[in-house]
Structure formats: C-alpha cells, structure tokens
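Visitor: I would like to learn how to read the features of a model like this one. Please show it, and we can go through it in turn.

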Amino acid sequence: MQSEKKEAVPGYETSLVILVPDAEPVVSPFRQKYDPSASQGMPAHITINYPFRADIPSRPELYAKLDALFSKYPPIRFSLVRINQFPGVLYLEPVPVYPFIDLIQSVATEFPESPPYKGEFSEAIPHPSVAQSDDQAEFQNIKAAFMEFSRRHLPIEITAKGVSLMNNRIGTWSVQKNFPLTG
C-alpha cells in the first residue's frame, strides 16, 4: 500500500519569520478577520525575509547556511508597545527595533537573490501585522476597535529565541525548520 503524498502547491512561497505567540491573545481576534495570512495558517510573526528565495542547491546546505547565520545572534528581548500603520496595514511596533533590522540586513546580505519584499520597499520595517484593509472607513473602525481592545494588554514583553523558515507548500503556512538565536 502506497502512502499518499501531499502535492506541492505550484508557486509556493517560503518566509523567514520570528514567531510571536505571546502576541496571539491580543492580535488573533483581529488577524483572523482582517489579515489574509492568518486565514492561511501564518501565526503572529515579525517578517525577516519574504518571499525567501535562496539560490542554494540542497536543503542541507541551505539549513547549514541559515543555522550559521542565525547562531551569531543572541535571543532578542523586546516589547510590543505601540500601534502604528502603513497605508492599509495596522501593526504593533517592536521596541527595540534594531535587532530585527540587523537580522533583515544580514539575510539580505547573505542571500542577495532574496531582497526583503522583492526589493519593493526602500526600507523593511519590522512589525507584527494586526489587520489589513484598503477601505479607509473600515480601516479606521478596525484601528479604533484594536486601540480600545489592546490598551488593556500592551505592552507585551517577548523573548524571541529563534527564526523559523515557513512554507505554504501544502496550501497553508507551516514551520519547515527552526533556527535558534544562540550568539
């Protein structure tokens, strides 16, 4: 009897993220309704590189290169303190932000074929998303509701201990491999 294999989704993506499960109680009620990545299985996170496209011939070589890179960095102690926004995106600001910027820049340097967000933005701003909407009135309502809800829950103190390589090969996001921050 053959075991069934899940077929890969054509054009699947990968991403390097720092998962922030401690933020889930605050952001999940909003993400589930207003963040498409949440309905696709992506947990609360801070993106380090998306879409991650490494030009490495084998998975073991890729894992070794990522492990060597991330093992240089210590765990990151940070707080999610403030609510901020991009056009159409509501998010929480991590403080301090520089450790995330260092990681983003290190990955971009190590993997120049994979600039953050395909190089579409001049600066990658680390953040866990809360909600997205192109409808300005809806966005303002979401923002007001989140500000009211979150004021009882912020700041959120977090220690990030690793970076996760995520993929949506089977149609939903899942962890492919974790890389500890041990430096």
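Visitor: What volume does the second largest pocket have?

Guide: The second largest pocket has a volume of about 240 Å³. This is a predicted model, in which local features need pLDDT of at least 70 and side-chain atom pairs count only at pLDDT 80 or more, while totals for chains, interfaces and linings use all residues. Residues are numbered from 1 along each chain as its sequence is written, and side-chain values use heavy atoms, with hydrogens and water left out.

Visitor: How are a pocket and a cavity defined?

Guide: Both are sets of points on a 1 Å grid over the protein atoms alone: in a cavity a 1.4 Å probe fits but cannot get out, and a pocket is an open set with protein on both sides within 12 Å along at least five of seven lines. Lining residues have an atom within 4 Å of a point. Grid points are joined across faces, edges and corners, and a volume is the space filled by probe spheres set on the points. Here, 13 residues line the second largest pocket, with Tyr12, Thr14, Phe52, Ala54 and Leu62 nearest its centre.

Visitor: Which residues lie nearest the centre of the largest pocket?

Guide: They are Tyr50, Tyr117, His127, Ser129 and Gln132, out of 22 lining residues. The largest pocket holds about 650 Å³ of space. Its lining takes at least two residues from each of α2 (36-39), β2 (45-49) and β5 (129-132); helices (H or I, at least four residues) and strands (E, at least two) are DSSP runs numbered from the N terminus.

Visitor: How do the residues of that lining divide?

Guide: The lining of the largest pocket has 10 nonpolar, 8 polar and 4 charged residues. Ala, Val, Leu, Ile, Met, Phe, Trp, Tyr, Cys and Pro count as nonpolar, Asp, Glu, Lys and Arg as charged, and the others, Gly among them, as polar.

Visitor: Is Asp35 buried or exposed?

Guide: Buried means under 20% relative accessible area, exposed over 50%, and partly exposed in between (1.4 Å probe, protein chains only). Asp35 is buried because its relative accessible area is 4%, whereas Tyr117, at 23%, is partly exposed.

Visitor: Which side chains does Asp35 join by polar contacts?

Guide: A polar contact is a pair of N or O atoms within 3.5 Å; within protein, one must be able to donate a hydrogen and the other to accept it, and residues adjacent in sequence count only if both atoms are side-chain atoms. The side chain of Asp35 has such a contact of 3.1 Å with that of Ser37 and one of 3.3 Å with that of Gln132. Asp35 lies in the loop between α1 (24-34) and α2.
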